[in-house]
Amino acid sequence: MNQNVQLIAGPRQSDDRQIADRRIADRRGVTASEFALVAPLLFLFFFGAFEFCRVAMIRHTADNAVYEGCRLGVVPGATNGEAEAEVRRILGTIGVDSANVDVSPGSIDENTQHVTIRVEVPLDENSFVPNQFVAGKSIVRELSMRREGK
């Protein structure tokens, strides 16, 4: 009687193993298909997050650049060129090369009451990845300070 049980159990286990092997072989194509559907969405979210972080970094650096440029421009003896150079130096720390910097008035002298600096950073030219999310937009920051020493 023990032999009959073993004979019946022996072939049955191999049939179960064959079915399990077939199921694994059938799942291989499903895994590749699922990856093909999910991977583009994953990359879209990754590059979108990367681009929005870059925009936030440019925005905060532009805020800091106009503030530091104005601080330099309101000190007695400062010139427009020095204020603009400081703004460009700060923007350059994050790789922003193309920015429009406007320092007004045209020349700073002892009669100047206020110094205003306006920075416009086009996002199309200052992006790390091909720009899809903020195409055609710019970050604009402006600050005006009263001159010191009057």
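A residue is called buried when its relative accessible area is under 20%, exposed when that area is over 50%, and partly exposed in between, as judged with a 1.4 Å probe and protein chains only. The model shown is predicted, and for this reason local features need pLDDT of at least 70 and side-chain atom pairs count only at pLDDT 80 or more, while totals for chains, interfaces and linings use all residues. Residues are numbered from 1 along each chain as its sequence is written, and side-chain values use heavy atoms, with hydrogens and water left out.

**View 1. The whole protein and its order of elements.** The protein has two helices and three strands, where helices (H or I, at least four residues) and strands (E, at least two) are DSSP runs numbered from the N terminus. Read from the N terminus on, these elements follow the order α-α-β-β-β. Of its 150 residues, 29% count as buried, and the protein exposes about 10300 Å², of which carbon and sulfur atoms supply 56%; such areas come from the Shrake-Rupley method with a 1.4 Å probe, and for residues only the protein chains shown count as cover. When contacts (heavy atoms within 4.5 Å) are taken between residues at least 6 apart in sequence, 63% of them join residues at least 24 apart.

View 2. Ile 58 belongs to helix 1, which covers residues 2-73, and with a relative accessible area of 0% Ile 58 is buried. Leaving aside neighbours within four places in sequence, the residues in contact with Ile 58 are Ile 94, Val 96, Val 121, Leu 123, Asn 126 and Ile 139. Ile 58 also lies 8.0 Å from Leu 91, C-alpha to C-alpha, although 33 residues separate the two in sequence.

**View 3. Helix 2 and its buried face.** Helix 2 takes in residues 80-92, 13 residues in number, and spans 18 Å from its first C-alpha to its last, close to the 18 Å expected at 1.5 Å a residue; the expected span is 1.5 Å times one less than the number of residues. Its buried residues are Asn 80, Ala 83, Glu 86, Val 87, Ile 90 and Leu 91. Seen down the helix axis, these buried residues fall within an arc of 135°, so they line one face of helix 2, the arc being that of the directions from the axis to the C-beta atoms.

**View 4. The paired strands.** Strand 1 and strand 2 run antiparallel and are joined by five bridges, while strand 2 and strand 3, also antiparallel, are joined by nine bridges; two strands pair if DSSP finds at least two bridges between them. Asp 102 stands opposite Arg 118 in strand 2, and Ser 104 stands opposite Thr 116 in strand 2. Thr 116 in turn stands opposite Ser 144 in strand 3.

View 5. Strand 1 has a covered face with Val 101 and Val 103, and an uncovered face with Asn 100, Asp 102 and Ser 104. Val 103 counts as buried, at 10% relative accessibility, and beyond its neighbours within four places in sequence Val 103 is in contact with Asn 80, Ala 83, Glu 84, Val 115, Thr 116 and Ile 117. The C-alpha atoms of Val 103 and Thr 116 are separated by 5.9 Å, with the two residues 13 apart along the chain. Ser 104 and Pro 105 are joined by a cis peptide bond with an omega of about 10°, and Pro 105 is placed in the loop between strand 1 (100-104) and strand 2 (114-122). Most peptide bonds are trans.

View 6. Asn 126 has its place in the loop between strand 2 and strand 3 (138-146), and at 4% relative accessibility Asn 126 counts as buried. A polar atom of the Asn 126 side chain lies 2.8 Å from the backbone oxygen of Pro 122. Apart from neighbours within four places in sequence, Asn 126 has contacts that include Arg 54, Ile 58, Gly 95 and Val 121. Asp 124, found in the loop between strand 2 and strand 3, is partly exposed, with a relative accessible area of 43%. A polar atom of the Asp 124 side chain lies 2.9 Å from the backbone nitrogen of Gly 136, and the C-alpha atoms of Asp 124 and Lys 137, 13 residues apart in sequence, are 7.2 Å apart in space.

Terms used. Polar contact = N/O pair within 3.5 Å; in protein donor to acceptor, adjacent residues only side chain to side chain.
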